[in-house]
Amino acid sequence: MRGVRLAAAFLVAMVGYFAAPAEAAEALPRTHMAAFDSVAAQLAAELVPSGAIPAGRPVELTAPLPGDTLSLFEQRLVQRLRADGVTVRMGAAPAAPVIDPVTGEARAETPATPADGTVRLAVRVESRSVSFVRRIGKFPFGAKGYERLVTLQAQARLVDAASGDVLWAKTAARQATDVLRARDLDTAASGTGMFRPSVPQGSRFGFLEPLIVSGVVAGLVILFYSNRT
């Protein structure tokens, strides 16, 4: 009887081990863009939390944000400010220096200073990446899926438009992980051609794992039947 209980417990454990990644992946696929979008919302809330903008003062936000090639963070940031009732204006992107035709020197155009207490929110996306950090094996061979890691980092600086004083400056980063099925790799990369991370390869001796598992299961089965005789 002891052999029977041991065999049953081992088989239940093996079923749970191989079934868990499949259950986690049922809600997929999510594209890389969708994964970035959820991280962008979290980062916007952390970088500009409620109360970060002085009450009653409109915000001028430069658009498009430098480094925000997916335009996700800018959208989430505007939504975050609007949720607090902040008036948001989209300012012009910094103009290229103008060359003086007489002196040949470059000079920057000075933006007009608003007279309504406007503050300028300068935001820049410092880094963004998507990578596969772990390979999830499939019994008895191959890969069932991959653990995906998405990271996003940005910095923000709030400046009084009239005086030029820096009211605050902050840097924040967020990351998230999920599981992507192996058959959904092409779907996940759709719409984000710049993000096609390589997948982790299995070990050179990965073929030994299913052989060892099969041997242990076979041994337990033999033990089970030997205990019945």
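Biologist: What is the volume of the second largest cavity?

Modeller: The second largest cavity holds about 40 Å³, a volume being the space filled by probe spheres set on grid points joined across faces, edges and corners. The model is predicted, so local features need pLDDT of at least 70 and side-chain atom pairs pLDDT 80 or more, while totals for chains, interfaces and linings use all residues. Residues are numbered from 1 along each chain as its sequence is written, and side-chain values use heavy atoms, without hydrogens or water.

Biologist: Which residues line the second largest cavity?

Modeller: Arg30, Ala35, Ser38, Arg148, Val150, Ala176, Thr177 and Asp178 line it; a cavity is a set of points on a 1 Å grid where a 1.4 Å probe fits but cannot get out, and a lining residue has an atom within 4 Å of a point. Helix 2, strand 6 (143-160) and strand 7 (166-181) each give two or more residues to this lining, where helices (H or I, at least four residues) and strands (E, at least two) are DSSP runs numbered from the N terminus. Strand 7 gives the most, with three residues.

Biologist: What lines the largest cavity?

Modeller: The largest cavity, with about 60 Å³ of space, is lined by Phe36, Gly67, Asp68, Leu70, Leu72, Phe73, Val125, Arg128 and Leu152.

Biologist: Why is helix 2 called oblique to helix 3?

Modeller: Helix 2 (residues 32-47) and helix 3 (residues 72-83) pack at about 40 degrees, with axes 8 Å apart. That angle makes helix 2 oblique to helix 3, because under 35 degrees is roughly parallel, over 145 roughly antiparallel, 65 to 115 roughly perpendicular and the rest oblique.

Biologist: What makes the contact between helix 2 and helix 3?

Modeller: Helix 2 gives Met33, Phe36, Asp37, Ala40, Ala41, Leu43, Ala44, Ala45 and Leu47, and helix 3 gives Leu72, Phe73, Arg76, Leu77 and Arg80, contact meaning heavy atoms within 4.5 Å. These residues divide into eleven nonpolar, no polar and three charged; Ala, Val, Leu, Ile, Met, Phe, Trp, Tyr, Cys and Pro count as nonpolar, Asp, Glu, Lys and Arg as charged, and the others, Gly among them, as polar.

Notes. Axes fitted to C-alpha atoms, helices over the stretch in contact; angles between N-to-C directions. 1 Å grid on protein atoms, 1.4 Å probe; cavity = no way out; pocket = protein on both sides within 12 Å on 5 of 7 lines; lining within 4 Å.
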